[in-house]
Protein chains: 2
Amino acid sequence: MERITVTLGERSYPITIAAGLFNDPASFMPVKAGDQVMLVTNQTLAPLYLNKVRSVLEQAGVRVDQVILPDGEQYKSLSVLNEVFSALLEKPHGRDTTLIALGGGVVGDLTGFAAASYQRGVRFIQVPTTLLSQVDSSVGGKTAVNHPLGKNMIGAFYQPASVVVDVDCLRTLPARELSSGLAEVIKYGIILDADFFVWLENNIDALLALDITALSYCIRRCCELKAEVVAADEHEHGMRALLNLGHTYGHAIEAAMGYGNWLHGEAIAAGMVMACYTAHRLGQFSLQDIERVKSLLVRAGLPVSGPQEMTAESYLPHMMRDKKVLAGELRLVLPTAVGQSEVRKGVPHDMVLASIEDCRVP
Amino acid sequence: MERITVTLGERSYPITIAAGLFNDPASFMPVKAGDQVMLVTNQTLAPLYLNKVRSVLEQAGVRVDQVILPDGEQYKSLSVLNEVFSALLEKPHGRDTTLIALGGGVVGDLTGFAAASYQRGVRFIQVPTTLLSQVDSSVGGKTAVNHPLGKNMIGAFYQPASVVVDVDCLRTLPARELSSGLAEVIKYGIILDADFFVWLENNIDALLALDITALSYCIRRCCELKAEVVAADEHEHGMRALLNLGHTYGHAIEAAMGYGNWLHGEAIAAGMVMACYTAHRLGQFSLQDIERVKSLLVRAGLPVSGPQEMTAESYLPHMMRDKKVLAGELRLVLPTAVGQSEVRKGVPHDMVLASIEDCRVP
């Protein structure tokens, strides 16, 4: 078992990573006998894990209700959020309830925001079932739903009481989703940790083959890196923005293509390559390093260019809605080397367009 | 000019109370030249104050957009909230924008929650235009929208950067709304300050006659009392619950009658009398004190019993959805004397029903 603490004063919380955690009610601490819990999951995951988690909790004397959401990024909306509130109020659940998010990033982000705003804040536990959510969205307290005009535009910084990562879940994850998670994994190497990037170059095949030891180490290292960043900058006034490498470009792809048609990790993979080319055009990232990044992404089963149907110009209006835009000025996360990155403002728009074009050339 | 500080560490903020504040852009500090602002108001207030505030800000070099909401408690909803997000995203407004809530409790609560959740939190300023919002909802950081199954069930604790109370607004306030605000004013006397209750007994007619000196003192004293409570217990783990005197009963009236048919203060006035009778049945509040409370409420133009069409039994299902309910147990705020109150759990439901019945008898 791997265990990390996200250090945020009285809001600190543990991340537990192991195979088989769903078999033990103690995994879901601080929930205890007599507590009221709302399990939130989706239609794809419910047949796989809902009854297992539900019965483990019920046998421990926990009162469990459930909401099953439709599966997909397009359901990460205010109206689906309202269905969670309705389920909570129909029972009813009091201010002492606990929401458990059993699922990937969509379930986790939406349930987290439901917990942040139901009765102005109730306890919640993240139980991420995808690699993407295990290494990224379940750690750090960013919760949100989408708006038709922008991804994650409505949300809160709200920390879970605990994060429970049962690595066994990855056995049922579609290969495309595993690859999508690896995009965020590779991101940590590029922005923060050159040694981890090398480790990934040496172990990407073991990860794709679902080697539990490799996966557990990989998830722990990503959570550690993210936990350090979040502890230093919970509300993204500074270095936390580095975690958004590739996201300003990638969100444009997701928004233009319709949420869910490109998986988040796929869009971020292409976006990271675009950011690398922008950095190269600024003279701060070599073509050799771009090739290392692209090669690892390709081995992980990820795209290294954007959708054919999107012109470079079509990215900009979406990019200007990025949450990092300040006073109408784009701020981009750009690598300065493999394992190092910075937030850069004032990059000329024509340079951004040119680096998006760079990704089209094979 | 009266000025109070709500003391909450780095989230401390000033409340400024005076006539004529809308004529001076400095009233809206920390907003300054070059800033982007979204003014949120409603259809009733827009013709009275929107152009005035807008032009004062624009003359000071502030970039101002506006959203005009329909007027009424029934519009304090997730779907109207979403209209504010749409307006912000259409411009678009960045993370450095400021929302200004120009209106009563509905505008303030909804705009505050929009500010709390737009891009996970942007700055906002409360500009309350009703007595109710000046003494209550604009102070303390409670923001929320309603759900069809319960009032204020979706929201956040989120503090404004500043509260601007222009007492001149009360000149355009309908008499019934002024009375509604006086219900919350009288509440402060009952729960916390016997001297202020006596002051109200001596000055209620001056308040109803819109004497600016009396109103300014009254608003300042209420804000002071609330600021002390909020500073001691921001997230309502303890004494802040006292501010809910009458609200558990009153919310049942609002929910059963349909939001907006009984004004909030009217429902709370009847609810406070019910709480007094419950306290009396528990042997902790005299009939003489009940008469003092009822007499002051009647002089303020407020009801002292609930709607004829509601049976006592019909209150309970609504009361059990109160945010103070813990582990299925009702917790009531009850006076122990004029100027003193406590949170009490374990009050038998038949005693609650009987005290609701007590209010029917003239």
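In strand β5 of chain A, A:Thr98 is the bridge partner of A:Val37. The two strands concerned, β3 (residues 36-42) and β5 (residues 98-103) of chain A, pair in the parallel sense over four bridges, where pairing requires that DSSP finds at least two bridges between two strands. Strands here are DSSP runs of E with at least two residues, and helices are runs of H or I with at least four residues, both numbered from the N terminus. Strands of a sheet pair through backbone hydrogen bonds, either parallel or antiparallel.

This is a predicted model, in which local features need pLDDT of at least 70 and side-chain atom pairs count only at pLDDT 80 or more, while totals for chains, interfaces and linings use all residues. Residues are numbered from 1 along each chain as its sequence is written, chains are lettered from A and ligands numbered from 1 in the order in which they are written, and side-chain values use heavy atoms, with hydrogens and water left out.

**The sheet and its helices**

Strands β3 and β5 belong to an open sheet of seven strands in chain A, which has mixed pairing and the order β1-β2-β9-β6-β5-β3-β4. Because β1 (2-6) and β4 (63-69) of chain A stand at the edges with a single partner strand each, one side of each is left without a neighbour in the sheet. From one strand to the next, the twist averages 15°.

Helix α1 (residues 46-59) of chain A lies across β3, β4 and β5 of chain A and runs at about 165° to β4(A). Helix α7 (residues 212-232) of chain A, in turn, lies across β1, β2 (13-18) and β9 (162-166) of chain A, running at about 10° to β1(A). For these descriptions, contact means heavy atoms within 4.5 Å, and axes are lines fitted to C-alpha atoms, for helices over the stretch in contact, with angles running from 0 to 180 degrees between N-to-C directions.

**Backbone features**

The bond from A:Met29 to A:Pro30 is cis, with omega near 5°, and A:Pro30 is found in the loop between β2 and β3 of chain A. The bond from A:Lys91 to A:Pro92 is also cis, with omega near -10°, and A:Pro92 lies in the loop between α2 (78-90) and β5 of chain A.

A:Asn152, in strand β8 (residues 150-157) of chain A, has a positive phi of about 55° although it is not a glycine. A:Asn152 is buried, with a relative accessible area of 10%, buried meaning under 20% relative accessible area with a 1.4 Å probe and protein chains only.

**Cavities**

A search of the whole structure finds two cavities of 30 Å³ or more. A cavity is a set of points, on a 1 Å grid over the protein atoms alone, where a 1.4 Å probe fits but cannot get out, and its lining residues have an atom within 4 Å of a point. Grid points are joined across faces, edges and corners, and a volume is the space filled by probe spheres set on the points.

| Cavity | Volume |
|---|---|
| Largest cavity | about 60 Å³ |
| Second largest cavity | about 40 Å³ |

Conventions: 1 Å grid on protein atoms, 1.4 Å probe; cavity = no way out; pocket = protein on both sides within 12 Å on 5 of 7 lines; lining within 4 Å. Buried < 20%, exposed > 50% of the residue type's maximum accessible area, 1.4 Å probe, protein only.
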